[in-house]
Each structure stands twice: as C-alpha cells, then as structure tokens.
Amino acid sequence: MRTATGATAAAAATGTAAAQAETATESGTATATPTGTATDSGTEAETESSDDGGGPPDFGGFLDPVGNFSGSVVDARGQDSVTVEVGVEANSGAYGFGPAAVHVDKGATVQWEWTGEGGGHNVKSADSGPLDSGSAMSSAGVNYEHTFESDGIYNYVCVPHEGLGMKGSVVVGSDYPTKSTGGSGSESGPLGVPGSAKMLGVATSVVMVATLGMAYVFMRYGGNYETPGDQY
Ligand SMILES: [Cu+2]
C-alpha cells in the first residue's frame with residue numbers, strides 16, 4: 001500500500017513538474033516572438049535581443065528633424081547591394097534620402113543614386129565617419145557608393161540641405177546601439193535593482209540605529225524597569 005501511494009505521489013509530482021516546465025516554455029516563446037523578427041533566421045534576432053533587449057537602433061535623435069523618417073528602418077539585410085536615392089520628395093522639396101534609414105548586412109555596398117531633383121546634393125558623415133561623396137552635385141545616377149565592413153550606425157547629411165532635414169543613416173550588421181522598446185523587462189530592470197538596493201540599505205540602517213538605541217536604553221535605564229515592581 002505504501003509503495004503504491006508513494007508511486008502515485010511521485011507520479012503526481014512528476015506530472016506537475018512537467019506541466020510547469022511546459023508552461024515556462026510556452027511563456028518564453030510568447031515573450032520572444034514579438035521581440036525578434038519572425039521571418040529572420042534565429043541568429044540575428046538572438047544577437048540583437050542579447051545585446052540590449054532587442055530594441056530598435058538608437059540614432060541619438062539624429063533623425064528626429066528628418067521629414068521622411070517615421071521611426072521605421074527599412075530592412076535591406078540579405079542584400080549585397082542596396083540603393084538609397086538622393087533627392088527624394090521630402091523636407092519641403094526634393095531634399096530627402098530615400099529611405100532615410102536603412103539596415104544592411106556587414107559587407108554590403110550602399111549605392112547612393114541621385115534623382116537629379118532638388119539641386120546639388122552630397123553624402124557626408126555627420127561625425128568622423130567614412131562617408132564623403134565630395135562636393136555637392138546634381139547629375140542623376142549613382143554618384144557615390146560605400147561598402148560597410150564594420151557593424152554600427154553611420155549617420156550622414158547632405159551638407160547644402162542639412163538644415164532642411166536632409167539627413168540619413170545606415171545601420172550595419174547586428175552590433176549597434178539600441179534603445180529600449182519600453183518593455184517591462186528592460187526598463188524596470190536596470191532602474192529597479194538600484195532602487196531596491198537603496199531601500200535595503202536604508203532599512204538596514206534603520207534597524208541598526210534602532211538596535212543600538214534599544215541597547216543604550218536597556219543599559220542606561222534597564223534598572224528602572226525593576227522599580228515599578230518594587231512599588232507594588
Ligand atoms: Cu541635398
């Protein structure tokens with residue numbers, strides 16, 4: 001009888017554990033799906049999510065004043081050669097790069113193709129980057145290209161029209177700054193830990209002071225507790 005009961009209990013326990021494991025697996029899958037791109041093969045999605053929680057590229061506000069940048073980056077990964085038009089209708093004229101932001105593989109070549117509209121344009125890195133097509137030119141066609149051999153974010157401008165918002169960016173590979181997507185995990189994690197650590201420190205201090213205070217009170221006035229007893 002005991003053996004049978006034990007076996008039943010063990011079976012029940014195993015069943016519960018199996019059910020829990022299944023639940024954990026399902027929730028893990030459900031969480032991962034919206035983060036990664038379902039169409040991509042796992043490698044890229046895993047790399048991005050392991051870096052900074054899989055957030056979108058962080059342009060540091062560089063593209064904020066760009067009229068034809070809606071916040072979405074055109075995914076051109078998987079292509080050896082990617083075309084960006086120079087002088088697309090944007091920023092109150094033909095003063096845009098199209099697309100303003102594009103994501104390419106490491107080793108891909110981006111070709112900037114002038115539309116011939118909007119006057120003279122050029123492509124120049126905003127910071128100390130490698131992009132420089134030289135002086136502004138207006139003739140239509142591919143006037144500049146660059147092969148990106150290192151992961152990262154490459155911000156660039158059209159010098160004559162930078163003030164109008166003619167700016168663009170190329171995101172390369174999988175190792176680049178990302179911003180948090182506002183998910184509960186990535187936002188509250190870094191902020192929550194120091195907060196609770198601070199609370200723990202405060203609580204510990206309070207307890208220590210209280211203990212010392214009580215010890216002092218007992219040492220100093222301990223005898224007084226006996227006094228009332230004596231009066232009765
Ligand atoms: Cu321009």
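Predicted model: local features only at pLDDT ≥ 70, side-chain atom pairs only at ≥ 80, totals over all residues.
Visitor: Which residue in strand 3 is the bridge partner of Val-88?
Guide: Residues are numbered from 1 along each chain as its sequence is written. Strand 2 and strand 3 pair in the antiparallel sense over 3 bridges, where two strands pair if DSSP finds at least two bridges between them. In strand 3, the partner bridged to Val-88 is Gly-96.

Visitor: Which strands stand at the edges, each with a single partner strand?
Guide: The strands belong to an open sheet of 4 strands with mixed pairing, and their order is 3-2-5-7. Because each edge strand has a single partner, one side of each is left without a neighbour in the sheet, and the two concerned are strand 3 and strand 7.

Visitor: Is Asn-91 buried or exposed?
Guide: Asn-91 lies in the loop between strand 2 and strand 3, and Asn-91 has a positive phi of about 55° although it is not a glycine. A residue is buried if 20 or more other C-beta atoms lie within 10 Å of its own, exposed if 12 or fewer do, and partly exposed in between, with C-beta atoms placed from the backbone. Because Asn-91 has 22 C-beta neighbours inside 10 Å, this residue counts as buried.

Visitor: Is Ser-92 buried or exposed?
Guide: Ser-92 also lies in the loop between strand 2 and strand 3, and Ser-92 has a positive phi of about 65° without being a glycine. Since 10 other C-beta atoms are within 10 Å of Ser-92, this residue is exposed.

Visitor: Which peptide bond is cis, with omega near -5°?
Guide: Pro-99 lies in the loop between strand 3 (96-98) and strand 4 (101-104). The cis bond, with its omega near -5°, runs from Gly-98 to Pro-99.

Visitor: How many helices and strands does the protein chain have?
Guide: Helices (H or I, at least four residues) and strands (E, at least two) are DSSP runs, numbered from the N terminus. Read along the sequence, the pattern is α-α-β-β-β-β-β-β-β-β-β-α-α, and the protein chain has 4 helices and 9 strands.

Visitor: Which strand gives the most to this core, with 4 residues?
Guide: A nonpolar core is a set of buried Ala, Val, Leu, Ile, Met, Phe, Trp, Tyr and Cys residues joined through C-beta atoms within 7 Å, and the largest one here has 32 residues, with Val-104, Val-110 and Val-170 making the most contacts inside it. At least two residues of this core come from each of strand 2, strand 4, strand 5, strand 8 and strand 9. The most, 4 residues, come from strand 8.

Visitor: Over which residues does pLDDT stay under 50, with 21 contacts beyond four places in sequence?
Guide: The protein chain averages a pLDDT of 74, and 54% of the residues score at least 70. Two residues are in contact if their C-beta atoms, placed from the backbone, lie within 7 Å. The stretch that stays under 50 and has those 21 contacts in the model is residues 1-53.

Notes
pLDDT = per-residue confidence, 0-100.
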